[in-house]
Each structure stands twice: as structure tokens, then as C-alpha cells.
Amino acid sequence: MEAKLAGQQPKPQYGVLIILMIGAFVALLSNTLLNIALPSIMKEFDVTPSTVQWLTNGYMLVNGIMIPSTAFLIQRFSARQLFLTATGLFAIGTLLGGFAPAFWILLLARMIQASGAAIMMPLLMNVMLTSFPVDKRGSAMGMFGLVMIFAPAIGPTLSGWVIEHYDWPMLFHIISPIAILVFILALVKLHDKKEKIVIKLDVLSIILSSIGFGGILYGFSTAGNKGWGAPEVYGTIIVGVIALILFILRQFQLEKPMLDFRVYKYPMFALSSGISITLNMAMFSAMILMPIYLQNIRGISPLHSGLLMLPGALVMGIMSPITGKLFDKFGARILALIGILITIITSYFFSQLSETTTYATLITMYTFRMFGMSMVMMPIMTNGLNQLPLKYTPHGTAMNSTLQQVSGAIGGALLVTIMSNRTETHAKDLAETAMSHLTAQPTASAAAEMKQHIITQATIEGINDSFLVSVGIMVVAIILAFFIKRSKPMEEK
């Protein structure tokens, strides 16, 4: 592949792009694949929920620390060198995870997996952008969206089916041969030529970036378990914010910054970042709250919880290439406005859940919500990246991937905290109402039944309130979407 990652526009080599996409697909799939297996892992290794949660939080944390450095890596090394390193690390982590005899080894395996996955997504996005002209990027990024959205969306369904029939290590054994095959194909097929670029990595930037993004992600990820008042939560967030400010200031001092914040001089990129942040925060409401409602409140099995989300995942997969073509033809604004409006309406319906909401209603609402999301994410991102001069493309893709991790963690923590706090408030109110209507002392069984009913009803109301907040967040996104204009690469400012 004659792809210079920051230079001339080469002719796309579709075989190579397919290899890159398969690698990114399995990396993203592994991100959500373990979620439904966490109860089984807790039981086998005898660990607490807050400990086992680090299999997902740790994965996100490593991603958040690694991704900011990918702009430097993409400029310094060839696509072949980076992709082989990424798939090699991912394959090693996957193999180790499948045979982990202890929890700490399983956690280490997830960290190694994440270090490889963190490189893959910005690398693939960068190759896509540098391989296609601006008027064809919508279709190309539509295919990229298929990978970015569809892979994590089918994770819960696949995981639910595997856990129903096999033990959790099978989740790793399924991925291992695919990861190894992708590595071999890349070794044979991927041969890109790259001009030698002399660029040194600033060690202070790496340290500040790791503390900054790592601290913020760690703080928000643990807020759900520890509470916002815990020093471990607010302390790491404060340290993270200070380190992040120092990191940003440091980048403006460097001739060759690790992550160039000058990308925000381009208004459409800045606008796309704002919309993406709000949407990512809101999107996590369904991903986190739905399994709680389905499994804990309604008693629906992991398999059927996963199956409920499958039509939505399929719709997103089908729509991604179509949305890409529509973007090339009509631009991002009309797609974003329609998509966000659909997402707002369906999220509002999710804020009206009850104990009797039917399975068919849940599937329909979730599928339409995913349909709305599919019309927004990639067009917004592509339109923003289209305005950047080619030299800023690696920094733009790294920035987008970093913000996706950070806003996802913040959104998830915020919405879970709102759910927990509102559940407590509703439980107190419902208990007081129930006590005021009692005419006689209830029997032990009647008291237990009443208590369970109050907990269930309070949790549903807490989930509803959290979905309502996500509606408010998306209203911000739709207001921002009115300012979108079709963009083309600008001269360097």
C-alpha cells in the first residue's frame, strides 16, 4: 500500500483496508464481550463486584492512556509496523485471558489486549481518511462506522449466547484464532512505504497525558462504586484535570506536539467534538441502564437481554454504509438533526419504563434508538475531520478516539450516579407513602413483599430519571447540530 499517512492521497487498496477492519472489529468486539460474563468470573475467582468491574474499567483506562500517543506513533512509524504491533499485543492478551488461572492474570491479559486495541482504531481511521478523497470519505467512513458501532453492539448478544452454553474462557478462545489469522494476513499483505520522519517523543507529555486522562477516567469509573464524596474519586479527578491542563499547555510549547490541540482552530472539527461528547455521554445511558432494568428488575436472562439488543445492532450495521453515502450526497447537518431527534424521542420513551413494559416494546424502542444513532455519529465525525489539513489528520483521529473514551466514562458514571441517588430518594418517598396508608401492622411476609415492591419501583423510577437526564444532554447536541456546515480541508492556520 503506497499510503503515506500524512502526505499525498494514494489509491485505496481495499484488501489491506479489509485486513485493518477485521483487526479493529475483533478489538472493539472484545471491549463489550466480557460484560455479561462478569457474574461468572466473580464466582470462579471469588472476587467482589467492584473488583471484577476492573476488567472493563481497566480496559477503558489503558485505552484512555494509550490513545493520545497514537498521533505521534502514526507519524513516526508505518501502518505495517503499528498494525503488527497492535494485533500482536491483542493476540497475546487474548490467548493469556483464555487460560488465566488467577484473576490478576486475567486483568493483566485485558490490559495487554487494550494496549493493542488502543492503537488499532485511530490507525484505521487515519488510513481511511488518507486513502480517499473528501467527496468519497462519507462512504469510506460509513464502512468504518460499521466496525466502530456494530462490533460493540453485538458483543452482549454473542456473550449471552456463549455464557448460556459454555464457560467464560470460551469468549477468549473464539477471538484468539481470528486475532492470530489477522496478524498473519497483515504480515504477508501489508507493505506500506513511508518516508522517514525524525520525530522524538516528549517524555513529559507522555507522563502528563497518562496522569491526566488516566486520572479523569479512573475517577469517573470508580464514582459508581465509591460515591462522589470519596477522596479516591474527587482526588484523582482533580489531579487528572490539573495534569491535563499542563499537558495541553505543554503541547503548545512543542514544535512537534504529541497531540496537537491546534485542531480546535478549525470550527467544524470543534463543533463535531462538542456534539460527539454529548452523544457519547447520552449513548451510555442505554448501554448501562438497560441490562440493569432487564436482568435485575424484569428477571430476563443474559441471552434474552442480549437478543433484545441484536435488532438494533443489525440496524446500525446495515445503516452505516447507507448513512455514509447519504452524507456524501446531503452533508452532515440534515442527517444529524433527524438522527438526534429520533434518539431524543426514543430516549424519552425509555424514561417511561414500568414493570409491565412489554418485551416487544423494548425491542422496538431500542432498535429505533440505534437507528437514530446510526445517522449521527460517523457523519458528524467525518464532517469535522474533513476540515482539517492532511498534516493534522493523525491528531484529529487521536483526539476523537480519546474524547470517545473520556466522554463515555464520564457519561456512564454520571448517569449511574443519578440513577442510584434518585432510586434512594424514590425509595424513601414510596416507603413513607406506604406507611401512611397502613391501617394495621403487616405480617412478616407482607412486610417483605412490600419492601421488595418499593425497591423494584424505586429502581425503575431511578432508571427513568437517568434516561430523562440523557434526553436533556441530547437537546444540547441537537442545538449544536443546527450550526453544522459542509466542510472541506482548509489551509493550515
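Reader: At what angle do the axes of helix α13 and helix α14 cross?
Author: This is a predicted model: local features need pLDDT of at least 70, side-chain atom pairs count only at pLDDT 80 or more, and totals for chains, interfaces and linings use all residues. Residues are numbered from 1 along each chain as its sequence is written, and side-chain values use heavy atoms, without hydrogens and water. The axes of α13 (residues 302–330) and α14 (residues 332–350) cross at roughly 130 degrees and come within 7 Å. That makes α13 oblique to α14. Oblique is what remains after under 35 degrees (roughly parallel), over 145 (roughly antiparallel) and 65 to 115 (roughly perpendicular).

Reader: Which residues of α13 and α14 make the contact?
Author: From α13, T323, L326, F327 and F330. From α14, A332, I334 and L335. Contact means heavy atoms within 4.5 Å.

Reader: How many nonpolar, polar and charged residues has that contact?
Author: 6 nonpolar, 1 polar and no charged residues.

Reader: Switching topic. How many helices and strands in the chain?
Author: 18 helices and 0 strands. Those are DSSP runs: H or I with at least four residues for helices, E with at least two for strands.

Reader: And what percentage of residues is buried?
Author: 56% of the 493 residues. Buried means under 20% relative accessible area, with a 1.4 Å probe and protein chains only.

Reader: Which residues of α9 are buried?
Author: L171, F172, I175, S176, A179, V182 and A186.

Reader: What does α9 span, first C-alpha to last?
Author: 29 Å over 20 residues (170–189), close to the 28 Å expected at 1.5 Å a residue. The expected span is 1.5 Å times one less than the number of residues.

Note on methods. Axes fitted to C-alpha atoms, helices over the stretch in contact; angles between N-to-C directions. Nonpolar A, V, L, I, M, F, W, Y, C, P; charged D, E, K, R; others polar. Buried < 20%, exposed > 50% of the residue type's maximum accessible area, 1.4 Å probe, protein only.
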